[in-house]
Amino acid sequence: MTITQRNLDGYGTPPIEWSRVKAVLDGPLPQAPGTVGPQRHTTWLATINPDGSPHVMAVGVQSVNGIWYFTSGPATRKSRNLTADPRCAFSVATEPFDLVIEGIAERVTDKEELSAVAMTYAADGWPAEVAGDALTAPFSAPSAGPAPWHLYRVRLSTVFALGTAEPFGATKFELS
């Protein structure tokens with residue numbers, strides 16, 4: 001993978017190092033109140049409605065081996081939008097920086113990959129299990145729709161890191 005960066009900071013702050021951003025992308029993003037970040041992490045997913053307008057909804061993201069995953073019920077607006085146009089963007093506030101991530105959402109149907117991600121979700125407190133080519137559990141977020149839930153992996157293309165703590169800064173990373 002090739003990563004190019006551009007310093008967006010207009011005040012002379014050096015670029016944010018990719019290794020710092022990757023550590024956050026690869027790490028857990030706990031959602032419980034009071035767990036790091038600005039009280040907690042809410043990851044927002046933006047998709048494109050059929051009329052071209054934006055649709056934004058909170059999603060629970062799991063990072064597995066450096067890949068971001070999220071779930072969504074097949075009848076939800078976000079899933080229908082991703083079926084029509086897989087381009088999407090995420091935003092999340094973390095302790096060292098706010099992140100805006102652009103990419104492509106790809107539905108996962110491979111049993112081994114589904115199982116690996118389900119185990120990660122379960123270890124994090126959501127008892128997900130594989131059900132056919134999707135995931136199921138006794139409960140989920142109200143915005144996910146009813147079970148089963150499709151699993152999506154995100155192929156990142158652009159990451160913006162906006163420093164919220166010393167040394168601050170703002171950097172755009174393009175991944176190819």
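Me: Is L114 buried or exposed?
Reply: This is a predicted model, where local features need pLDDT of at least 70 and side-chain atom pairs 80 or more, while totals for chains, interfaces and linings use all residues. Residues count from 1 along each chain as its sequence is written, and side-chain values use heavy atoms, leaving out hydrogens and water. Buried means under 20% relative accessible area, exposed over 50% and partly exposed in between (1.4 Å probe, protein chains only). L114 has a relative accessible area of 0%, so L114 is buried.

Me: Which helix holds L114?
Reply: Helices (H or I, at least four residues) and strands (E, at least two) are DSSP runs numbered from the N terminus. L114 has its place in the helix that covers residues 111-123, namely α3.

Me: How far apart in space are L114 and V130, C-alpha to C-alpha?
Reply: Contact means heavy atoms within 4.5 Å, and V130 is among the residues L114 contacts once neighbours within four places in sequence are left aside, along with others including V108, T109 and L151. L114 and V130 sit 16 residues apart in sequence, and their C-alpha to C-alpha distance is 6.4 Å.

Me: Why do the buried residues of α1 line one face of the helix?
Reply: Helix α1 runs over residues 18-26, and W18, V21, V24 and L25 are buried in it. Look down the axis of α1 and take the directions from that axis to the C-beta atoms: the buried residues line one face because they fall within an arc of 125 degrees.

Me: Which strands are included in what covers the buried residues of α1?
Reply: The buried residues in question are W18, V21, V24 and L25. Their cover includes β1 (3-7), β4 (62-64), β5 (67-72), β7 (97-108), β10 (150-163) and β11 (170-175).

Me: How many aromatic pairs does a search of the whole structure find?
Reply: Rings of Phe, Tyr and Trp (its six-membered ring) pair if their centres lie within 6.5 Å; planes under 30 degrees apart are stacked, over 60 edge-to-face, and the rest tilted. Over the whole structure, the number of aromatic pairs comes to six.

Me: Which residues form one aromatic cluster with W68?
Reply: F90 pairs with W68 edge-to-face. The cluster that holds W68 also takes in F70, F90 and Y152.

Me: What is the relative accessibility of N49?
Reply: N49 is found in the loop between β2 (43-48) and β3 (54-59). Leaving out residues up to four places away in sequence, N49 touches P54, H55, R77 and N81. N49 counts as buried because its relative accessibility is 14%.

Me: Is N65 buried or exposed?
Reply: N65 is in the loop between β4 and β5. Its phi is near 55 degrees, a positive value in a residue other than glycine. At 77% relative accessible area, N65 is exposed.

Me: Where does P167 lie?
Reply: The peptide bond from E166 to P167 is cis, with omega near 10 degrees. P167 lies in the loop between β10 and β11.
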